[in-house]
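Please examine the model shown below.

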Amino acid sequence: MLTSFMEGFLCCLTSKSTNVVVPAESSEPADGHEFVEVKPGRVIRVRHAIPERSVVDQPLGQGGCVSCKRRISVYCNGQLFIDNLGDKAGAELKTCQNGETEPNSTVELELTDCGKSSPLVNATDARPDSIRTGKVLTSETGSGDAPVVFQAEASQNRCRRKPKRTVVIDCERKISACKETHADVALFFIHGVGGSLDIWRSQLDFFSRLGYEVIAPDLAGHGCSSAPLIPAAYTFYALAEDIRLIFKRYARKRNILIGHSYGVSFCTFLAHEYPEQIHKMVMINGGGPTALEPSLCSVFNLPTCVLHCLSPLLTWSFLKAGFARQGAKEKRLLKENNAFNVSAFVLRAMMSGQYWPEGDEVYHAELTVPVLLVHGMHDKFVPVEEDQRMAEILLIAFLKVLADGSHMVMMECPEAVNTLLHEFFLWEPAAPLPSQSKTRPETAKAQTDNTKAAADLANKVRPSTARQAPSNSAADGRSDKRDKK
């Protein structure tokens with residue numbers, strides 16, 4: 001602590017930074033690690049593991065098609081109005097669990113702070129009578145406490161007003177199991193501020209042993225990636241471009257994104273840029289669906305030399321807030337996994353560069369990719385209400401809360417996190433039952449006999465003009481249309 005203070009004091013006197021902004025020395029062998037030059041002089045370290053599969057299975061085209069139809073309207077008073085049209089994806093997911101489907105519904109969300117709560121009502125109790133009485137309900141995920149209002153009169157009054165912006169989502173998404181024996185599946189792990197690819201050590205080892213292809217980059221200035229000396233190199237858009245180039249280099253046909261904290265924003269960005277290639281996504285303590293904006297009143301706005309003096313205190317604060325327990329094991333994990341081990345210059349530039357106004361609630365509501373949200377109950381950086389809010393906004397979302405975890409839950413509870421992720425990778429919605437199954441056998445037989453009798457009668461009356469009617473079966477082609485007004 002005293003050494004750090006003296007270095008910072010000399011830094012202020014000489015007006016020079018004591019931080020050597022260079023890639024950190026790697027404690028692991030170079031096997032499995034690659035260095036990719038995304039731009040001239042900008043080198044990103046990537047851990048890329050391609051398993052040697054003894055058995056390679058080709059996807060059989062199984063899985064389920066989920067109808068993704070919703071209309072998103074934003075009004076001038078700041079209200080977000082989500083109208084789920086047709087067979088909602090959430091209802092189809094519930095069909096896999098309890099065999100029943102929920103009626104179509106309209107979700108009204110106030111664009112307010114996530115800290116405000118309202119009485120919770122189970123989503124399975126959302127019936128038309130609740131809509132008429134105007135009760136306050138949660139969304140179909142049943143995991144949030146942000147106000148979701150079902151009210152017929154409010155809907156009628158709102159229809160008379162013209163929304164400021166309307167987005168219509170109308171597509172069918174095919175979701176299938178991603179097995180370790182499938183060669184067209186790749187897993188991307190993206191860390192957040194102050195981390196490195198080493199925080200995913202347990203997940204990378206686990207899934208590579210199973211047979212998955214895993215890719216994990218170090219963000220610029222983190223781990224062993226190069227660290228430019230200009231703050232503009234650490235803005236959200238600069239880092240997102242690095243991740244986009246890495247994704248294009250290693251992407252397969254079906255890709256799964258796993259992000260932690262700030263890394264969730266980059267996963268969301270990729271899901272918007274490449275919706276056809278992102279098959280599933282995992283958000284670990286990613287926070288709510290809000291646009292990013294740097295805070296004006298933050299300790300990270302202090303000069304770099306002052307932050308360097310405070311680095312031991314910041315590390316201690318991160319240990320207290322990022323882990324549920326602060327014992328010798330957590331300190332060892334923090335050191336071994338190279339977490340929160342960046343220079344004061346990079347840390348300050350990263351925090352001040354978190355500006356992403358496009359990533360608002362509408363941006364997240366447009367996503368049709370299935371999302372698993374994992375939250376550590378003791379997280380002091382991201383309240384559980386924010387992840388609940390995210391689950392309400394997303395079209396297809398599962399929220400899992402781990403009672404023994406905190407912000408670094410993948411390091412604290414690696415077995416539980418690996419199990420959740422693997423089950424989500426293998427999950428697929430149940431295939432819809434054929435329409436014939438809804439008709440009783442005797443009724444179907446009677447309908448067939450009546451059809452044959454009518455056909456014979458037609459042939460006797462007009463034998464020369466009788467023709468077989470062409471079938472008007474609907475095409476099974478994939479429809480993906482997004483209209484913005």
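**Aromatic pairs and helix packing**

At 0% relative accessibility, Tyr234 counts as buried, where buried means under 20% relative accessible area, exposed over 50% and partly exposed in between, computed with a 1.4 Å probe on protein chains only. Phe345, with a relative accessible area of 17%, is buried as well. The structure is a predicted model, in which local features need pLDDT of at least 70 and side-chain atom pairs count only at pLDDT 80 or more, while totals for chains, interfaces and linings use all residues. Residues are numbered from 1 along each chain as its sequence is written, and side-chain values use heavy atoms, with hydrogens and water left out.

Rings of Phe, Tyr and Trp (its six-membered ring) pair if their centres lie within 6.5 Å; planes under 30 degrees apart count as stacked, over 60 as edge-to-face and the rest as tilted. The count by this rule is 20 aromatic pairs. One of them joins Phe189 and Trp200, a tilted pair with 5.2 Å from centre to centre and 55° between the planes. Phe189 belongs to strand E9 (residues 185-190) and Trp200 to the loop between E9 and helix H5 (201-210), so this pair ties together parts that are eleven residues apart in sequence. Helices (H or I, at least four residues) and strands (E, at least two) are DSSP runs, numbered from the N terminus. Phe189 is buried at 0% relative accessibility, and Trp200 is buried with a relative accessible area of 0%.

The rings of Tyr234 and Phe345 have centres 6.2 Å apart and planes at 80°, so their pair is edge-to-face. Tyr234 lies in the loop between strand E10 (213-217) and helix H6 (236-250), whereas Phe345 lies in helix H11 (residues 344-352), so the pair ties together parts that are 111 residues apart in sequence.

A further group of rings, Phe236, Tyr237, Tyr262, Phe266, Phe269, Trp356 and Tyr363, forms one aromatic cluster. Helix H7 (residues 263-273) is mostly covered, with ten of its eleven residues buried; among them are Phe266 and Phe269.

Two packed helices are described by the angle between their axes and the distance between the axes. Axes are lines fitted to C-alpha atoms, for helices over the stretch in contact, and angles run from 0 to 180 degrees between N-to-C directions. The axes of H6 and H7 come within 10 Å and cross at roughly 60°. H6 and H7 are therefore oblique to each other, since angles under 35 degrees count as roughly parallel, over 145 as roughly antiparallel, 65 to 115 as roughly perpendicular and the rest as oblique. Their crossing is right-handed; a crossing is left-handed if the near helix is turned anticlockwise from the far one by less than a right angle, and right-handed if clockwise. Contact, meaning heavy atoms within 4.5 Å, is made by Phe236, Leu239, Ala240, Ile243, Arg244 and Phe247 of H6 and by Ser265, Phe266, Phe269 and Leu270 of H7.

H5 packs against helix H15 (residues 414-426) at an angle of about 45°, with the axes 10 Å apart. That angle makes H5 oblique to H15, and H5 passes H15 in a right-handed crossing. Residues of H5 including Phe206, Phe207 and Leu210 meet residues of H15 including Val417, Leu421 and Phe425.

Overall, the chain has 16 helices and 15 strands. Buried residues make up 49% of its 485 residues.
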